[in-house]
Amino acid sequence: MNTIPFETHTLACGLRVIYEPSDSPVLYCGIVVRAGTRHEEPADEGMAHFIEHMAFKGTERRSVWHITNGLERVGGELNAFTTKQETVYHATVLKDDFKRAADLLTDIVFHSVYRQDDITREVEVICDEIDSYEDTPSERIFDEYEALMFPDQGLGRDILGSKARLRAYTTADALRFVHRYYRPDNCVFFVCGQVPFATVVRTLERLMPAADFTAPAPSPLLLPPPVPQCGPRQHTFVRELHQAHVMVGAPAFAATDPRHYALWLMNNMLGGPGMNSRLNVNMREKAGLVYSVDSYLNLYPDTGYWNVYFGCDEHDVDRCRRILLRELGKFYLKPLTPAQLAAAKKQLRGQTGIATDNREAYALAMGKTYAHLGVHRDVNVLLERLEAVTADEVMQVAREVYNPLNLVTLIYA
């Protein structure tokens with residue numbers, strides 16, 4: 001097996017760097033900050049996402065105009081997103097513009113100023129985003145389902161936060177959160193591109209001198225592993241929609257648990273992106289009950305769960321759920337045949353290989369994996385472990401995670 005060449009380095013300031021070479025003239029880089037919704041105190045609802053927005057509004061040496069045009073004028077792109085687990089700032093540029101991208105990224109992450117006038121304006125933009133989200137039940141149900149899985153825990157909190165809390169935030173609130181989490185030793189800089197690693201390190205050492213970060217700072221909050229809530233439970237909310245939206249799932253494993261490879265394979269067979277997934281064939285193609293049905297794995301470093309989402313006519317909800325239970329049962333009542341197992345592995349290998357060709361998504365996954373797990377996301381190793389999954393393992397894992405007694409259901413009707 002050929003391993004993917006990569007290199008890592010830790011700067012004097014504590015910033016970890018991971019690099020993988022590429023033959024493409026397009027370079028992808030960014031900073032993963034281990035500060036997501038799960039790191040917020042209850043009083044800081046929506047703070048991680050709020051900081052992501054504000055980082056683009058001005059630094060000690062750049063105005064919002066200079067930030068907006070910093071990469072656009074050379075044809076590059078600058079973007080960011082917030083999840084329950086992290087906030088990621090990333091750039092796409094031609095290889096010759098790496099230093100420009102690194103300068104801009106480190107500036108907005110570590111030197112933003114969070115002026116009160118800018119906060120007042122940007123909060124209204126986020127409130128509009130909340131309104132849009134509230135009007136999209138197919139998106140909202142995912143967050144509300146996670147709130148059922150992790151009640152009164154950070155992973156169960158909305159990423160966007162509440163309008164009332166957002167409108168009360170000040171510069172002091174922003175700086176308090178930033179000083180705790182936006183520290184070099186709580187971040188990873190990732191690069192995937194055709195630039196020598198020595199150039200990457202020299203550039204970052206110049207931009208991130210240790211002297212800039214010598215002031216004492218509190219350690220990031222050490223979070224206990226969240227405990228997902230098992231079923232059987234059902235929650236139904238009346239939303240006055242033209243169709244019902246349904247989510248069914250249960251606790252699973254952490255991303256570090258070796259059993260997740262069998263679960264990954266099962267999930268792809270059950271409701272993965274292929275049109276031949278078992279739920280798509282039986283709910284859509286044979287029964288004509290849904291437009292789309294998908295299953296998901298949500299694996300964090302210390303916990304996880306799986307779920308299935310579908311939308312259908314309200315009077316078809318029970319029929320769809322019966323089909324789902326029948327398909328889940330096939331995994332734990334009878335082992336996969338050698339032919340079924342081989343076909344499932346072949347399909348997932350192909351999908352993974354094609355997905356890897358999306359270099360931006362690959363670079364983002366590389367950075368996040370290194371930030372949280374301290375390892376490189378080697379696709380060859382992943383596929384080797386997939387190949388080692390046996391029919392007995394699949395059946396054992398299915399008996400645990402697909403057990404009907406553990407199912408948690410959420411319905412918008």
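Biologist: Where does Phe142 lie?
Modeller: Phe142 lies in helix α5, residues 137–149. Helices are DSSP runs of H or I with at least four residues, strands are runs of E with at least two, and both are numbered from the N terminus. Residues are numbered from 1 along each chain as its sequence is written. This is a predicted model, where local features need pLDDT of at least 70, side-chain atom pairs count only at pLDDT 80 or more, and totals for chains, interfaces and linings use all residues; side-chain values use heavy atoms, with hydrogens and water left out.

Biologist: Why is Phe142 called partly exposed?
Modeller: Buried means under 20% relative accessible area, exposed means over 50%, and partly exposed is in between (1.4 Å probe, protein chains only). Phe142 has 25%, so it counts as partly exposed.

Biologist: Which residues does Phe142 touch, not counting those up to four places away in sequence?
Modeller: Phe142 touches Met247, Tyr296, Asn307 and Tyr309 on that count. Contact means heavy atoms within 4.5 Å. Asn307 is 165 residues from Phe142 along the chain, and their C-alpha atoms are separated by 9.4 Å.

Biologist: Met247 is on that list. What stands opposite Met247 in β10 and in β11?
Modeller: In β10, the bridge partner is Tyr309. In β11, Met247 stands opposite Leu410.

Biologist: What makes β8 a paired strand?
Modeller: Two strands pair if DSSP finds at least two bridges between them. Strand β8, residues 244–251, has five bridges to β11, in the antiparallel sense. Eight bridges join β8 to β10 (residues 304–312), also antiparallel. Both pairs therefore meet the rule of at least two.

Biologist: Why is β8 called largely enclosed?
Modeller: Eight of its eight residues are buried, so the rest of the structure largely encloses β8.

Biologist: How do you know that β11 is mostly covered?
Modeller: Strand β11 spans residues 408–412, and five of its five residues are buried. Val408, Leu410 and Tyr412 point one way, while Thr409 and Ile411 point the other way. In a regular strand the side chains alternate between the two faces of the sheet.

Biologist: Which strand runs parallel to β11?
Modeller: Strand β7, residues 233–237, runs parallel to β11 and is joined to it by five bridges. Phe237 stands opposite Tyr412 in β11. His245 also stands opposite Tyr412.

Biologist: What makes the phi of Glu240 worth a look?
Modeller: Most residues other than glycine have a negative phi. Glu240 has a positive value, near 55°. Glu240 is found in the loop between β7 and β8. At 75% relative accessibility, Glu240 counts as exposed.

Biologist: Tyr114 has a positive phi too, near 55°. Is Tyr114 buried or exposed?
Modeller: Tyr114 is buried, because its relative accessible area is 2%. Its place is the loop between α3 (98–110) and α4.

Biologist: What does each of them touch, beyond four places in sequence?
Modeller: Asp118 is in contact with Met54 and Lys57. Lys57 touches Val64, Ile67, Arg115, Asp118 and Glu122.

Biologist: Now the whole chain. How do you know that its radius of gyration agrees with a compact globule?
Modeller: The radius is taken over C-alpha atoms, and the globule rule is 2.2 Å times the number of residues to the power 0.38. For 413 residues the rule gives near 22 Å; the chain has 23 Å, which agrees. The C-alpha atoms fill a box of roughly 60 × 55 × 40 Å along the principal axes.

Biologist: How many helices and strands does the chain have, and what share of its residues is buried?
Modeller: The chain has 15 helices and 11 strands. Of its 413 residues, 53% count as buried.

Biologist: What share of the contacts comes from residues 24 or more positions apart?
Modeller: They account for 82% of the contacts with a separation of 6 or more.
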